[in-house]
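Here is a short walk through the model shown below. Keep the viewer open and follow along chain by chain.

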Amino acid sequence: MTDSDNNSAHNVGFFITCLADLFRPQVGFAAVRLIEQCGCHVSVPQQSCCGQPAYNNGDDSKTRVLAKNLIDKFEQFDYMVAPSGSCAAMVKVHYPKLLKDDPNWSGRAQNLADRTYELSQFLVDVMRVKLPLKLKLKPAQFVDDKKITYHDSCSGLRELGIRSQPRKLLNQRAGISMDEMDNSEICCGFGGTFCVKYPEISTRLVDNKISGIDRIEADIVLGGDLGCLMNIAGRLTRCGKQTQVFHFAEWLLDEQPETGIAGTKPKT
Amino acid sequence: MKVLSQNFKSASKAALLNDDLRSALDRAEGGFVNTRKKAVAELRNFEDYRTYGQQVKDHTLKHLGYYLTQFENKVVKSGGHVHWAGNGEQANKIILDICSAANARKITKGKSMVSEEAATNKSLQDQGYEVIETDLGEYIIQLAGESPSHIIAPAVHKSKQNVTDLFHQHHSRLGFLEKVTEPEDIVNQARQVLRDHFCSADVGITGANFLVADTGSAVIVTNEGNGDLTASLPGVHIIIASIEKVIPDLVSLGGFLRLLGRSATGQIMSVYTTLFNGPKRKDDLDGPDQFHVVLLDNGRTEILKSKYQDILRCIRCGACLNHCPVYTNIGGHAYGWVYPGPIGSVLTPLLVGQTKAMHLPNACTLNGRCQTVCPVKIPLPSLLRQHRVDLVQMGAHSWAQKFGLWCWYSLASRPKWYNQITRILVAILARTATRGRFRWLPLARPWTATRDFPAPAQSTFQQLWKAQHRRKT
Amino acid sequence: MSAREAILLKIFEVTGSSNFGSAPDFSIKLPQPDYEFDIQSNKIESNKTDRFVAMLAQVHGTCEMLENLGDVPDSVTNYLTKVGAELRAVIATDEKLSQLDWRDMAVESRAAQKFDRTSITVAFAGIAETGTIAMVSSAQSPITLNFLPEINIVVLLESRLVATMEQFWPKIEAQPRAINFITGPSKTADIEQTLVYGAHGPRHFHVIIVKNQR
């Protein structure tokens, strides 16, 4: 057993986020195991969406309903953790602004915001402070000859300051060496509903991203936001490329994930 | 300038297909981003200056009435004239009156974005005046009959070849018969042609980067020196500037100059920074006899009242354009009015109408890169989103979009239903996908036209978690 | 209602007009610029000159150091010969220049004209931080000399060199008609981002730093 035996074990409410829930449940399980290895107790209350699509489209009243639902479910935990920078930022950065004029909710929104973290941020910034990080990572297999790169999703990067955390985690794994793209911090063109409202511009942006991936001839692209990753993966397969795309959490487990997002198999 | 922002979708699509534009934009983006980065790093407390810039602009806006009248008093004291214009039309009328009183015929112009707002050139030309833009970029697009596509590099979309052809077409009648193809020769030819205009103009019109209230100085920053020649050689110098350009004093000017050059072109200091304090003095050997400042509102006081007040801090450096993934791929013209990029997407709807320009704030991924480089820390993504909030409240969106959002919301606001229905959807999709993805899906064409759609797993995470949990307990 | 009244009225609707007329308390402190190169410390005077020369070189300006003002004409002659220009110049109507012995050159004291090739001026001050020359317009210092000629030679007394712009402002007693900060030769990058010097103003910007005003 780990430090969860301590009576100070943290209760973590895990916010799976819509895209991971529907498209990549293994991201959720990987994340839960990582959080548990830090000695936390993880719960998954019944949940839906944080409201980002409504918020980013300017529908604040709908967003408020969803925000209150979510606060209601998650404020009982010591922490709320999500495997997505944009969803975590929604709660951490935008909920307090959204509910600041509501006397019944502004305090609750801020309170939850203060205890909300993106996964890598939680593992590196929060847990390392309070517990030694015991990820017990085995050396990665079959990656020696693979080039791995990381895409920094905009919300996580600029709203939460996530840059070093996932890289630190991945570097703890022997065998994984990261190659950086020159455009790792430039938007991939997903942008939530942007990608379907302005598909031509969105496609150009994801093509630029893929050019960056190609310039360093990466075999594997990792990232922390499924929206971006589905966008990049979907364009890669459409262009007939074999580069695989994964959420970084999948690469921190003992078992190597095989099938990437959009069904890609490892290059043979 | 005519508003074409409503055509953003088709214009941006066309821009994406323009290969010349693409190479021009790639070149510019690389240059601007890297040089800025270097220049910013050189001043180790650049962040402190950003904070300073933000605070000083906010302070000035809070006391705008005081600073504007202080500026006015100082200009009048130094022998200049100050005119106030509520909108572009009024500004043009004032300028026409000055030109007519001076019996002017030829007018040289320094780069001024507010004069683009007011369409000053057109109003002057309609009255028979010859108007010559003197900033090389502005001159090029004037010859081409186009509008600027960048705040500080108006002809950034033009290739060398374009300019070669334009010069040949327009300059051969002036005796320049050979085509010039090298940048040095192109610049040299422009120098010769424009030199004649500088020396024969009756009126010079410039904008201003800053108006210093304490001294009544109009500050103009250029690299070419065209602003100074425009301001110093003709008998009349007219400055047109919008009211938010005012800053308190010379010390604060020093702060803004450290921000402006670095943010705009990656320069520690632009080549020419000039403070103009009125007309020629008694013993001066040169300088204009008349000095006029036209203070233009054109919607600023409305913005001051609104939730968008922060945008009035803008010092027009163009850094947000250079760092915007959308701008750097579609260029400035697709935005359909004077100001492109993030600043334009906030400003244009406020100045020409939110519904007319509703694409602009929506055509943004909210990636936030613009905000991190803004020298006065304007929260551009929040302001863009605020436009979206206003548009929803106005009911401006299409029925299809409203319906889509409603469907999603009906589900998302009921977690129980959401769980049940997504389970079914996921199961169906997982079964119908081939090799883990879709090449086509009903209603998903905007995505699937260029991208495969990743298939979901067999079951949702919540479904699996529940099952595991039930087994455990 | 005039446009002026209408605009101010709208502004006062937002900001309130109660304190209008009395100066607002403007106490936001300008940060001291922090460079690797220490120019703040006046103990190291030479640092200022070094920084000035280094910054000027960065922007394609050239520089020469002279002991005495009297050496300027020879230095100018050499410079003009080197760049292949005619030994003829318009000089500022400044005593410091007109008193010099220009025997090898044809000089005229006046404002600049359309085809003047070379101008020689006296800087009001130099700003080390940015490698900037500050020109202050007056009857002795016509502004056109800074912009019309192709070659602009500026004489800067080393004692007139200040570290930063903040140290420059107090040197101005009464606001002149114009203050020109000049940082290198005129340039443009409007043609495909290629840097070209001599857009409309001087192609060559040459500063002669003089230690003694003799």
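## A strand pairing across chains

In this predicted model, strand β9 (residues 272-276) of chain B and strand β9 (residues 178-182) of chain C pair in the antiparallel sense, with 5 bridges between them. To find the pairing in your viewer, pick Phe276(B), which stands opposite Ala178(C) in β9(C).

## The contact between chains B and C

How many residues does each chain bring to the contact? Chain B gives 78 residues and chain C gives 61 residues. On the side of chain B that touches chain C, helix α10 (residues 183-200) of chain B supplies the largest share, 8 residues. By residue class, that side of chain B divides into 32 nonpolar, 27 polar and 19 charged residues.

## An enclosed strand in chain C

Why is strand β12 (residues 204-212) of chain C largely enclosed by the rest of the structure? The reason is that 7 of its 9 residues are buried, where buried means that 20 or more other C-beta atoms lie within 10 Å of a residue's own.

## The nonpolar core

In soluble globular proteins, nonpolar side chains tend to be buried together. In this model, the largest nonpolar core holds 287 residues, and Val81(A) and Val294(B) are those with the most contacts inside it.

Which residues does Val81(A) touch, leaving aside those up to four places away in sequence? They are Val12(A), Phe14(A), Phe15(A), Ile35(A), Tyr117(A), Leu119(A) and Phe122(A).

## Domains of chain B

The domain assignment of chain B gives domain 1 (32-301) and domain 2 (409-472). The C-alpha centres of these two domains of chain B lie 56 Å apart.

## Confidence

For the model as a whole, ipTM is 0.96 and pTM is 0.96. Chain C has a mean pLDDT of 93, with 95% of its residues at 70 or more, while chain A has a mean of 91, with 90% of its residues at 70 or more.

Where in chain A does pLDDT stay under 50? That stretch is residues 1-7, for which the model has 11 contacts beyond four places in sequence.

Terms used:
Residues are numbered from 1 along each chain as its sequence is written. Chains are lettered from A and ligands numbered from 1 in the order in which they are written. This is a predicted model: local features need pLDDT of at least 70, side-chain atom pairs count only at pLDDT 80 or more; totals for chains, interfaces and linings use all residues. pLDDT is the predictor's confidence in each residue, from 0 to 100. Two residues are in contact if their C-beta atoms, placed from the backbone, lie within 7 Å. A nonpolar core is a set of buried Ala, Val, Leu, Ile, Met, Phe, Trp, Tyr and Cys residues joined through C-beta atoms within 7 Å. A residue is buried if 20 or more other C-beta atoms lie within 10 Å of its own, exposed if 12 or fewer, and partly exposed in between; C-beta atoms are placed from the backbone. Helices (H or I, at least four residues) and strands (E, at least two) are DSSP runs, numbered from the N terminus. Ala, Val, Leu, Ile, Met, Phe, Trp, Tyr, Cys and Pro count as nonpolar, Asp, Glu, Lys and Arg as charged, and the others, Gly among them, as polar. Two strands pair if DSSP finds at least two bridges between them. Domain bounds come from an automatic or database domain assignment.
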